[in-house]
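This briefing covers one protein model, grouped by topic. Please view the sequence and the structure together before reading on.

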Amino acid sequence: MPELKFPVASKFPNTETSIFAVMSKLSHEEKAINLSQGYPDFATSSELIGLVNQAMEQGFNQYAPMPGIYSLREMISEKLHFMYGTEYQPETEITVTAGATQAIYTIITAFVGQEDEVIIFSPAYDCYAPSIRINGGKTIEIELKSPDYGVDWKEVKAAISRKTKMIIINTPHNPTGTVLSSDDMLMLENLVKDSNIIILSDEVYEHLIYDGREHQSIARFPDLSKRSFLVASFGKTFHNTGWKMGYCAGPAELMKEFRKVHQYNVFSVNHPVQKALSIYLKNKNNYLSLPSFFQRKRDLFLDAIKDSKFSFTPSSGTYFQLLNYAEISDEYDLELAKKWTRELKLASIPISVFYENKIDRKALRFCFAKSDETLLKGAEILNSI
């Protein structure tokens, strides 16, 4: 190709390739055990794959309706009512999306403008801040303090200003594995009750919650849900992240604005997968069985490393576990993660990348959504450090 003859003004001049892509690529190159990027290494349900194939054979291969097929939106509505007791209207309050990240980006684009402030909690999933910045907004970062990574609601109150447009919460929380309590949600409800602040509630790990805890969805709190978007992921729930299928739910007035952006962003998403999911969701056990399934994997992994030099608090949700290595090394977490991938053949994610100012808390994130064999091999390496 000929050389470009004019300068390119980047909207993200200092942005590098996502750490998830970097570590997965490095893991592949080094033939390392990949406990970094959050995707399972075991099979998707053969029943669900069969339903997708069936939908393709039946001819559902053209554009789906822009908000998603009605039968799937209807099943999502039924699921949310069953789980959280809240009625979302399929016609006006639910939209099927190309994964949760697209939903998050679309929500932010629909509502955040120049100089609007958005409160996020760090360590925060890496798509939040860039989505805010590209729309002209300003990120107000509130740090979750280790080791429990709880929210200081007094700090949140102090951070709210007349410019605050949105607050983004994430429960269960990636990367820390913590979950918000009902008291947390009531505190948030009280802080925003007399404001025009929109809540974006990232709940992609809603079914991955452990030790008898109950997921405190935004949908459980009427005064919050009327100003909030709930974002969810079928990919995380049903072990097929590559399908990029998710949805969001919210009040009709907000969803109307969401769909204005959605129609020009992706318009619609995978039709045969939507047909398959509309059938697969009818069996509630397909998602109700997940807490015990993943808790067993968490416990297997943690029991296997209990005598290692790492310190940890068992993850309360998600399929991620933080391990603190402060007693092992004082190296910067990013460099250590790369070093161990190359030298020990075990890949993880450094936690500093989840902070805008790259704070190093001497912690690495490991994904336990893996086969038992993979987890035990990874544990063997960790025990050798």
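Does H215 count as buried or exposed? At 4% relative accessibility, H215 counts as buried, where buried means under 20% relative accessible area, exposed over 50% and partly exposed in between (1.4 Å probe, protein chains only). The model is predicted: local features need pLDDT of at least 70, side-chain atom pairs count only at pLDDT 80 or more, and totals for chains, interfaces and linings use all residues. Residues are numbered from 1 along each chain as its sequence is written, and side-chain values use heavy atoms, with hydrogens and water left out.

**Loop residues**

- H215 is located in the loop between β6 (198-202) and α8 (222-225); helices (H or I, at least four residues) and strands (E, at least two) are DSSP runs, numbered from the N terminus.
- Not counting residues up to four places away in sequence, H215 touches Y84, T171, P172, E203, E206, I209 and R220, contact meaning heavy atoms within 4.5 Å.
- E115 sits in the loop between α4 and β3 (117-122).
- The C-alpha atoms of E115 and G137 are separated by 4.9 Å, although these residues are 22 residues apart along the chain.
- E115 touches G136, G137 and K163, again not counting residues up to four places away in sequence.

- Strand β7 (residues 228-233) is largely enclosed by the rest of the structure, because 6 of its 6 residues are buried.
- From β7, S228, L230 and A232 point one way, while F229, V231 and S233 point the other way, and all are buried.
- β6 and β7 run parallel and are joined by 4 bridges; two strands pair if DSSP finds at least two bridges between them.
- D202 stands opposite V231 in β7.
- With strand β8 (residues 246-249), β7 pairs in the antiparallel sense over 4 bridges, and the bridge partner of L230 in β8 is A249.

**The open sheet β9-β12-β11**

- An open sheet is formed by 3 strands in the order β9-β12-β11, with antiparallel pairing.
- Its edge strands are β9 and β11 (349-350), each of which pairs on one side only.
- β9 and β12 run antiparallel and are joined by 5 bridges; the partner of F320 in β12 is C367.
- β11 is joined to strand β12 (residues 363-367) by 2 bridges, also antiparallel, and I349 stands opposite R365 in β12.
- In β9, 4 of the 5 residues are buried, so this strand is largely enclosed by the rest of the structure.

**The second largest pocket**

- The second largest pocket holds about 380 Å³ of space.
- Of the 21 residues that line this pocket, the closest to its centre are P147, D148, Y149, F312 and T313.
- On a 1 Å grid over the protein atoms alone, a pocket is an open set of points where a 1.4 Å probe fits, with protein on both sides within 12 Å along at least five of seven lines, and lining residues have an atom within 4 Å of a point.
- Strand β9 (residues 320-324) gives the largest share of the lining, 4 residues.

**The largest nonpolar core**

- The largest nonpolar core has 118 residues, and those with the most contacts inside it are F121 and M166.
- Such a core is a set of buried Ala, Val, Leu, Ile, Met, Phe, Trp, Tyr and Cys residues joined through side-chain atoms within 4.5 Å.
- Helix α4 (residues 99-111) provides the largest share of this core, 6 residues.
- Not counting residues up to four places away in sequence, F121 touches I142, L144, V151, W153, V156, I167, I168, I169 and H173.

Terms used
Grid points are joined across faces, edges and corners, and a volume is the space filled by probe spheres set on the points.
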